[in-house]
Protein chains: 2
Amino acid sequence: MRTNMLLLACIFPFVMMAQQLKSPKGNFELNFQIENGVPTYQLLMNGKTIVDKSSLGFDLKDIPDFLDGFELKDDERTSFDETWQPVWGETKSIRNNYNELIVKLEQASTDRFLNIHFRLFDDGLGFRYEFPQQPNLNHFVITEEKTQFKLMGDHKTFWIPGDYDTQEYDYTTSKLSEISGLMDKAITPNASQTSFSKTGVQTALLMKTADSIYINIHEAALVEYACMHLEIDETNYILESHLTPDAIGNKGYMQAPRTTPWRTVIASKNAGDILLSNITLNLNEPTAYEDTSWIQPVKYVGVWWEMITGKSSWAYTDIPSVKLGETDFSKTTPNGRHAANTEHVKMYIDFAAEHGFDQVLVEGWNEGWEDWFGKSKDFVFDFLTPYPDFDVEGLRNYAKSKNVKLMMHHETSGSIRNYERFMDKAYQFMVDNNYNSVKSGYVGDIIPRGEYHYGQWAVNHYQYAIEKAAEYKVMVNAHEAVRPTGLSRTYPNLIGNESARGTEYEAFGGSNPDHTTIIPFTRLVGGPMDYTPGIFEPDVSKYNPNNKSWVNTTIARQLALYVTMYSPLQMAADLPETYNQHLDAFQFIKDVALDWDTSLVLEAEPGDFITYARKAKGTNNWFVGRTNDEEPRNSSISFDFLDADKTYIATIYGDTKDAHYKENPKAYEIKKYRVNHKSKLSQYCAPGGGYAISIFEVTDKSQLKGLKRL
Amino acid sequence: MRTNMLLLACIFPFVMMAQQLKSPKGNFELNFQIENGVPTYQLLMNGKTIVDKSSLGFDLKDIPDFLDGFELKDDERTSFDETWQPVWGETKSIRNNYNELIVKLEQASTDRFLNIHFRLFDDGLGFRYEFPQQPNLNHFVITEEKTQFKLMGDHKTFWIPGDYDTQEYDYTTSKLSEISGLMDKAITPNASQTSFSKTGVQTALLMKTADSIYINIHEAALVEYACMHLEIDETNYILESHLTPDAIGNKGYMQAPRTTPWRTVIASKNAGDILLSNITLNLNEPTAYEDTSWIQPVKYVGVWWEMITGKSSWAYTDIPSVKLGETDFSKTTPNGRHAANTEHVKMYIDFAAEHGFDQVLVEGWNEGWEDWFGKSKDFVFDFLTPYPDFDVEGLRNYAKSKNVKLMMHHETSGSIRNYERFMDKAYQFMVDNNYNSVKSGYVGDIIPRGEYHYGQWAVNHYQYAIEKAAEYKVMVNAHEAVRPTGLSRTYPNLIGNESARGTEYEAFGGSNPDHTTIIPFTRLVGGPMDYTPGIFEPDVSKYNPNNKSWVNTTIARQLALYVTMYSPLQMAADLPETYNQHLDAFQFIKDVALDWDTSLVLEAEPGDFITYARKAKGTNNWFVGRTNDEEPRNSSISFDFLDADKTYIATIYGDTKDAHYKENPKAYEIKKYRVNHKSKLSQYCAPGGGYAISIFEVTDKSQLKGLKRL
């Protein structure tokens, strides 16, 4: 092949030449072609074009661009098939099977080289650029990546506004061509936000074609590079990469040899295939750590929702200004609303211990919350000094005695230099006090000023924090950081991220009822989210009369989210006093697993509903979750995923017939059945509702007494 | 007084009211006045106006400015007289004697408060702003400080271009009104430079009035604030503060209660008083460290000038690109010009030991020099990993055996985050390997990009580095950092700075012959400079045939600089092989002290000449140094500073009659005399020349045999 190509290149140097690549099963086809010197690619699925001929390249700073004048010099083809075991995940093993084409291009006029790697899986495509070692391109600056995705029509799109600082938006569902007209409405207030265009959207972007093909565009392995957005040409349906800039407008500082992150296109006629695709993980490197025994899934409660709702405060006092190391909090007047106090935390520890939770998150334990936000305050927290009413040592011992761990909280307020200065001490403080996981936060504008949450500078920091944490055997759950791109394969101590609109927004005015039917197709494609479900009291004013927010789901759906929003880190976010009023429903949260052997999508339509079934790791127990949009719907599922030779007890936590996310959200009913692999269920899902099912293998037949068959 | 003022304010709220302050001796007078709501001050010396009525205030971001609408609410007056001992210095004790006026202003329309502190010394003025704790001004952003200095005429000015990134310029001497016309010529190339205006200049700024009053304007105690430049109104002779911005154009992030750095005006009819003023040190806080025993002056040689001239290289190889931790230098081809190799460094250690030097600086010892500059490379050095030919342990032991210390070198390439990430490890590495001082460097543009060398962000970093170094008992000599402002009083481990055009420029094309007759009046007012004198081979092409630079001084003047450029850190910068050819002249460098009981200025005229005499600390020995501009001159000094009852031997290292910095720079002659307090000297100084004298007390009369009286 190579010889022929070179021969052709010699004889017909300007002839268009296509390189074709097929996926292992042959259902996907990738065509690479240089057209008038411009590298292009095209992606087909089962003979149908998914991405039409689209150009590839870069704008470079102060040197000729990498856009045209290219010739194909060589190509390489390999096949790869391997099955690997994630430290934690939706399945106990993951097959990584692809055919790869590497095209090696020369820009003759500049005597420079660019390689492009295409990996074609049976569920989609990953491709990335490689800048090989070469004499004429060494250190350079990318002013824009010019990767295009030319779509075949005005697809239905599930999108959030492009933004350099936040992904915490509700999804808007519209045609591609309607996005600019809806942008203003889509941009809702955030603690830090930088919109850049009326036609800019974020990845992972989900689309549905007129002939019902689902397409997801995202990236994998975002390391030392700026986060990619997509700019939409609403007329020609071309999406083009738009990288997050730095303070002076540059987008990437590069040194050859280097590769970019992977750009991914997952496609299927079946929506569930998008949810189950492992392309993002497979395009990341294997685990970087030799020992991963210290990394475990975490189920937790926390001193958190009471502050989010405004019932309590993070701050110990109401003074307007804090100078760490100078302000003597022992001489200040407490505001009486500080939740992170020793007695209150002990109550949470007791609750966690009683119900089998691993950890208790405590926010607001450390000095500085009085003036932490919106002040561009550089030295805002030290991550070491507790408020006077938080007894670090006492709580360490108390938690230990209850076999519960406390979860650390490091809010940085976006002040990255300050966090890095304290990082070693802060992680050591955790080790010394028996913490093994940290929720970090980047609320507000980034310091250094002018940098953005999603630029190369900040991406470098998040990565630094993860790897530094690993030195201390600390697991990281980073909020407001860049959205994940499968890096948890390589760095499995990254057990969670926020980077999307989480449950907290239910207390900030509420989220769309269909939010949780979309987010697994978009944000979760990159990795797990610390969504913090489990709200049992939808009326936020019950906690804080001044907060008129309403949690737009039924209680049954809150339970479902523990299954539909996959994460090795799951919070029961509501208050212990509320759970104590609903211990029957709370039982599901106690029971549900965090790590899985198998995951199945039983039903799925983005924006409408998702039903997952998952088998708990190392057991024969299954959990089913169904999230439903604002329409009342019926869910029909079969239990044929169960072992044929086993009997199970299924406990169904469902909406009652009169349940409704606004009118009657607490209306759930719990039913128990005897089930086997022939059982079928038709279950009503209320508007904004859903259901959850625990399915436990029966080993002692007496447990079945009195139970009906389903 | 207070009562009267308030009474007056009530009755005549818009009357102009002046507050007068006199210096302890009464020679200086400060008048503060609110005029139409604008705070103003005026400075007089012996009844003559030095600074005419000038306004004070700030532009603030997003809130009303602090420029007018002020009323005087209160004032406070104190007197202070104290004598303190610096850890090292030009004199063994320093008197700090001033009268202070604090005016307390209210901006009634915003219900906000601003205090201004004036300290009037017998040699000038210091004033600063205080933002007291208050309800309506807490965290805020300064967009510009609007401090004016209205001068009385078109003074002769010794200036360098205002620049956010460098002070490494030759001085231009002109009238204030001529600056804009000369600016383009004054801006010579630098590794990182950001000019901001045709009329912007740097501090410390020296001026001379038509009636021969010398005026120096600078700042003291620059901490957590941006470096101040001065914008010149060439018509009205008004200088106005211009702070260095950050990446988004803001100039200061503030939190009350806070004070700004001091703004200083030193003035005298006698040029020497400017040189000997201690206002800058006195306006800094006392030493922050309890134990300062680990801080000692340092005389050193170094593997440095051979790289500066281009004879040798910092880099071990000529590869175009390094990835730290990936590039295996043991498998690369050495370029054969790498000076920081074990054998070569041992030679320097031998030389240092033989001649009584404390330390040997070694630059280029660590991996990364192949692509360290101009690449905006974030991870550019790790400060830990030596090149294969530099044996850290072997050299540590060898140096120890010779009772010499190695001096560490941390070039950051401006990549501040990277340096901070490695700082603890890098300082610990120093401790482990017996280094106690570090030359740090910030060559090139700052990373984070968009920040400047002199902005608040970088100023914060330099301070962090100094205080962190102190934790490891490390002394810091920071190059390319912000120019000093007397902080070495508080942090005496800051034993040196560059922050001006040093000797290296003699190998980059040369500096003006009058450079060293100006810089003690300007840059050195803030603190010592690691000027690196002692070049004995003025023809740089002798070291590197491709470098046609010429060192614009005679050898005799090179010796003088050890006295005229006060520093507790002094380098003998030339090569051992060169010193070995001039061991008679080299003897002065070996003899000269680094720390002093007393310093006197015997002759001084900026731009023309300076002659210092200094008494070595704890001895009866004196050293005299004279630097001369490009004119041949005669220096006439008296030795009346000597003890009347003692006899001394003076060794005079002078220019010969035919010496000339261009034509005959090596023409020196050394003469020995018997001297006492009645001796007088008339000494010829060649163009670009000068002289140095060592004066040792004679304790054994036999030493006087054969010596003539002077």
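**Strand pairing, chain contact and local geometry in a predicted two-chain model**

In this predicted model, strand β33 (residues 648–655) of chain A and strand β34 (residues 668–675) of chain A run antiparallel and are joined by 8 bridges. Helices (H or I, at least four residues) and strands (E, at least two) are DSSP runs numbered from the N terminus, and two strands are taken to pair if DSSP finds at least two bridges between them. Within this pairing, A:Ala650 has A:Tyr673 in β34(A) as its bridge partner. Both strands belong to an open sheet of 7 strands in chain A, ordered β29-β30-β31-β36-β33-β34-β37, with mixed pairing. The edges of the sheet are formed by β29 (596–605) and β37 (708–709) of chain A, each of which pairs on one side only. Strands of a sheet pair through backbone hydrogen bonds, in either the parallel or the antiparallel sense.

Residues are numbered from 1 along each chain as its sequence is written, while chains are lettered from A and ligands numbered from 1 in the order in which they are written. Local features need pLDDT of at least 70 and side-chain atom pairs count only at pLDDT 80 or more, whereas totals for chains, interfaces and linings use all residues; side-chain values use heavy atoms, with hydrogens and water left out.

A further set of antiparallel pairings involves β17 of chain A. Strand β14 (residues 200–202) of chain A pairs with β17 (residues 228–233) of chain A over 3 bridges, and A:Gly200 stands opposite A:Glu231 in β17(A). β17(A) also pairs with strand β18 (residues 238–243) of chain A, here over 6 bridges, with A:Met228 opposite A:Leu243 in β18(A). The hairpin of β17(A) and β18(A) has 4 residues between the strands, and in this hairpin A:Tyr237 takes a positive phi near 60°.

The same surface serves both copies, as 100% of the contact residues of chain B recur in chain A.

The contact (heavy atoms within 4.5 Å) takes 32 residues from chain B and 32 residues from chain A. The area buried between the chains is about 2900 Å², of which carbon and sulfur atoms give 50%; buried area is the accessible area (1.4 Å probe) that two parts lose on being put together, summed over both. B:Arg421, B:Arg449 and B:Trp457 supply 24% of the area that chain B buries against chain A, more than any other three residues. Between chain B and chain A there are 2 salt bridges, a salt bridge being a side-chain nitrogen of Lys or Arg within 4 Å of a carboxyl oxygen of Asp or Glu. B:Arg421 and A:Glu420 meet in a salt bridge through their side chains (2.7 Å, N to O).

β19 (252–255), α8 (416–432) and α9 (456–471) of chain B each supply at least two residues of the side that touches chain A. The largest share, 4 residues, comes from α9(B).

Over all chains, the structure contains 78 salt bridges. In chain A, the side chains of A:Lys104 and A:Glu76 meet in a salt bridge (2.6 Å, N to O). This pair links distant parts of the chain, with A:Lys104 in strand β7 (residues 94–107) and A:Glu76 in strand β6 (residues 70–84), 28 residues apart.

Backbone geometry was also examined. A cis peptide bond, with omega about -10°, joins A:Ala256 and A:Pro257; A:Pro257 lies in the loop between β19 (252–255) and β20 (258–259) of chain A. The peptide bond from B:Thr203 to B:Ala204 is likewise cis, with omega near 0°.
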